[in-house]
Amino acid sequence: MADVTATDPYLWLEDITGDDALDWVRAHNEPTLAELRDERFEQMRSEALEVLDTDSRIPYVRRRGKFLYNFWRDAANPRGLWRRTTLAQYRTDTPDWEVLIDVDKLAEVDDANWVWAGADVIEPDYSRALVSLSRGGSDAAIVREFDMATLEFVSDGFEVPEAKTQITWADADAVLIGTDFGPDSLTDSGYPRMVKRWRRGQPLAEAQTVFTASKQDVIAAAAVDRTPGFERTFIRRAVDFFNDEVYELRGEELIRIDAPTDASVSAHRNWLLIELRSPWFAGTVEYPAGSLLAADYDEFLSGTASLTAVFEPDAHTALHHYAWTRDRLVMVTLADVASRVEVLTPGSWERAAVPGIPENTNTVIVTTDELSDEVFLDSSGFTTPSQLLWGPAGGALEAVKSAPAFFDAEHLEVVQHFAASADGTAVPYFVVGPSNADGPRPTLLGGYGGFEVARTPGYDGVLGRLWLARGGTYVLANIRGGGEYGPTWHTQAMRENRHKVYEDFAAVARDLVTKGITDVEHLGAQGGSNGGLLMGVMLTRYPELFGALVCQVPLLDMKRFHLLLAGASWVAEYGNPDEPSDWEFMAEYSPYQNISPEADYPALLMTTSTRDDRVHPGHARKMTAALEAAGHRVRYYENIEGGHAGAADNAQTAFKSALSYNFLHRMLGSVATE
C-alpha cells in the first residue's frame with residue numbers, strides 16, 4: 001500500500017489553475033485524446049450531439065403565472081435561451097417562444113464564458129427576476145436583476161459579484177441574501193453563514209444581518225413564500241448535510257419549526273409537511289423513517305397539532321418525491337424502484353392512483369401550479385422515450401409532448417434481478433440488453449450509492465445510441481447509500497458502514513458473471529462524483545471483478561476531502577478524517593491511500609473538470625499521478641471548464657460521452673464472443 005497520508009508528494013496538483021498543475025493536465029490530456037479521438041469517437045460524438053441538440057426533444061417547462069418558462073440549448077444556441085410561451089402555444093407542434101435572455105449573445109457582449117445558473121422570479125406578479133450566471137459552469141455565480149416587462153437587466157438593480165450566493169425576493173424592493181460578505185462570512189464548507197436583508201439602493205455592505213450560523217455549519221439560507229394570505233419567511237440553518245434547524249422569521253423573531261432536525265419540512269397554505277429520515281416518537285405514536293406526516297401549520301407551531309401519516313413505507317415501497325398544486329398533493333413513490341403516482345386530497349388525505357404508468361419506468365413531477373391544480377408529469381423507461389403528461393391533479397391526464405426514440409429498442413428487454421450482498425441484503429439491479437443474448441456480452445455497470453439519491457429506470461438517448469445500439473448491455477445497480485427504498489437504505493450505509501455500498505456493487509458485478517450475462521473481461525463500470533469514489537474503490541479493492549472503469553469528477557483522497565472546496569459539507573456522509581476513530585474506517589477504503597504497485601488493475605479512464613468548484617479536480621489529478629508512480633497506466637482527461645457536471649454545454653457533454661464510450665468499447669470489445 002502506498003503511504004501518502006503523512007506526506008503527500010502530489011499536493012501541488014491541488015493548485016487548481018497553477019501553471020505547473022495545468023501543464024501536467026495538458027501533458028496528460030494529449031496522449032488520451034491521441035488514443036481515443038479516432039473515427040469511431042467522431043461518429044459517437046456526432047451521434048451524441050444529435051441527441052442533445054435535436055429540436056424534437058421535449059422542452060420542459062415551469063409555470064409562472066400565465067406563462068410556461070423553459071431553458072433551451074441546441075446547435076444554434078449552445079449556451080442557451082431563457083424563453084416563455086403560453087399553454088395554448090405550448091400544446092401546438094411548433095410553439096411561438098418569446099426569448100427573454102439569449103445567453104450566447106450576452107456572453108459575446110460581456111466577453112464572458114457564461115453558463116446559465118437559473119432565475120428566481122418574484123411572485124405573485126412575476127415582474128422582476130434575479131438571474132444567476134456562472135463562469136464556465138462552476139457553482140459560484142454572479143446575480144443580476146432582470147425586468148420581465150422590458151426584457152432588460154435593471155441598470156441600478158440588485159447585482160452580486162461571483163460567489164456561491166443564496167438569494168431570494170423578500171419583497172419588490174428587498175432581497176434576503178447569503179453570499180461572500182468578506183472575512184468570516186462563509187462556513188468551513190465555503191457556503192454563506194449569514195443571511196442579510198438587502199434593500200434596493202442600499203450598499204451591500206450596509207445590509208441588515210437577520211441570521212448568522214456557525215462556521216462549522218454547512219450553510220444558512222432564506223426562503224420566502226409569497227402566496228397571498230400565506231406569506232411567510234423561513235430561515236434554514238444546515239448543521240450538517242442531513243440536519244437542519246428551520247425557523248419562521250416573524251419581524252425580528254425566529255420561531256423554530258420543532259420537527260426532527262434530520263426531517264425535511266415544507267409549508268403549503270395552511271399545511272405543514274414533515275418527511276422523516278429516522279423514526280420519530282410524537283406523543284404516544286412512533287412514526288417510521290420514510291414517513292410523510294401532515295399537520296395544520298399554525299397548530300403545529302403552537303404545539304397543539306395532531307399529526308396525520310400521509311404515507312408510511314413498507315419493505316418494497318418508499319416515498320420518492322412530492323409537490324403541491326393549489327388543492328392537491330401529488331406524490332411519487334417507488335415500488336422496487338419503479339414509479340407509482342398518487343394524488344391526495346388534504347384534510348381527508350384520500351389517495352387516488354394515477355393510472356397508465358407502465359412497469360419498470362421512472363415518472364417525475366416536472367412542475368405544478370400552486371395557484372391552480374395543473375400538473376406536468378414526465379414518464380419514461382430504459383427503452384421507452386419520455387412522454388409529458390398534463391392535466392388537473394386528480395383528473396384525466398393527457399400526453400401533450402412525446403420525445404423521439406433515439407435508438408432501436410425493438411430487440412432490447414429490461415429485466416430486474418436481485419443480488420445477495422455480503423450481509424445477505426437483496427440488492428436490486430436492472431439489466432437492459434438484447435432479448436436474444438447468447439453468452440457473455442460487453443456490459444456497463446452503473447451506480448451511485450450515496451446521499452439518499454435514488455437511481456431510477458429512465459430513458460437516456462446518449463447511452464442508448466453510444467452503448468446499447470452498438471451491442472452493449474447496460475446494468476443499473478440500486479445499491480445502498482441511495483434512496484431507492486427510503487432513508488434507511490441510505491443511513492445503513494453511512495460512515496463506518498460505508499463498506500456496504502461497495503459490497504453491494506461488487507455483489508452485483510459477481511452476479512452478472514454468475515448469471516452468464518457477462519464475464520470479467522467484458523464487464524466495465526462507470527460513475528461520477530460520489531459514484532467516482534465508488535469507481536476508485538472498485539479499482540483498489542475489487543480490481544479482479546472488472547475489465548475497465550470510467551471514473552468521473554471523483555472524490556478519491558478521503559484524508560483531505562473535507563479540506564477541499566465543498567468537501568466539509570459531506571463529513572456527515574463519510575466521516576471526519578481528522579478524528580482518529582473515523583479515519584480508521586475511512587482509511588480502509590480511501591482509494592488514494594490504497595494504491596498497490598503489485599495489483600493488477602483494470603483499464604482506467606479518469607476524467608474531471610478544472611472548473612468544478614464542488615469536487616476538487618485535485619482528487620483525480622493526484623490519484624492519477626500516484627497510480628502512474630506505482631507503475632499503472634491511466635488514461636486521463638480534464639475539461640478546462642464545465643463545473644461539477646464536467647461539461648458546460650451540449651458540445652462538451654457529447655465530447656465527454658464519446659470519450660468514455662469509445663474507451664469502453666476499446667477495452668470491453670464490441671461482442672463478448674469475439
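The side chain of Asp 582 meets that of Arg 495 in a salt bridge at 3.0 Å, N to O (a side-chain nitrogen of Lys or Arg within 4 Å of a carboxyl oxygen of Asp or Glu). This pair links distant parts of the chain, 87 residues apart, with Asp 582 in helix α11 (580–586) and Arg 495 in the loop between α7 (487–491) and α8 (499–514); helices (H or I, at least four residues) and strands (E, at least two) are DSSP runs numbered from the N terminus. I noted Arg 495 as partly exposed, at 27%.

The model is predicted, with local features needing pLDDT of at least 70 and side-chain atom pairs pLDDT 80 or more, while totals for chains, interfaces and linings use all residues. Residues are numbered from 1 along each chain as its sequence is written, and side-chain values use heavy atoms, leaving out hydrogens and water.

Next I checked Glu 98, which forms a salt bridge with Arg 84, the closest N and O atoms lying 2.8 Å apart. Glu 98 belongs to strand β4 (98–102) and Arg 84 to strand β3 (81–85), so the pair ties together parts that are 14 residues apart in sequence. Here Arg 84 is buried at 9% relative accessibility, whereas Glu 98 is partly exposed at 32%.

I then turned to the salt bridge between Asp 244 and Arg 236, at 3.3 Å from N to O, where Asp 244 is buried at 17% and Arg 236 is partly exposed at 32%.

Finally, I searched the whole structure and recorded 37 salt bridges, and I noted a network of them linking Asp 8, Glu 14, Asp 557, Arg 560 and Lys 622.

Note on methods:
Buried means under 20% relative accessible area, exposed over 50%, partly exposed in between (1.4 Å probe, protein chains only).
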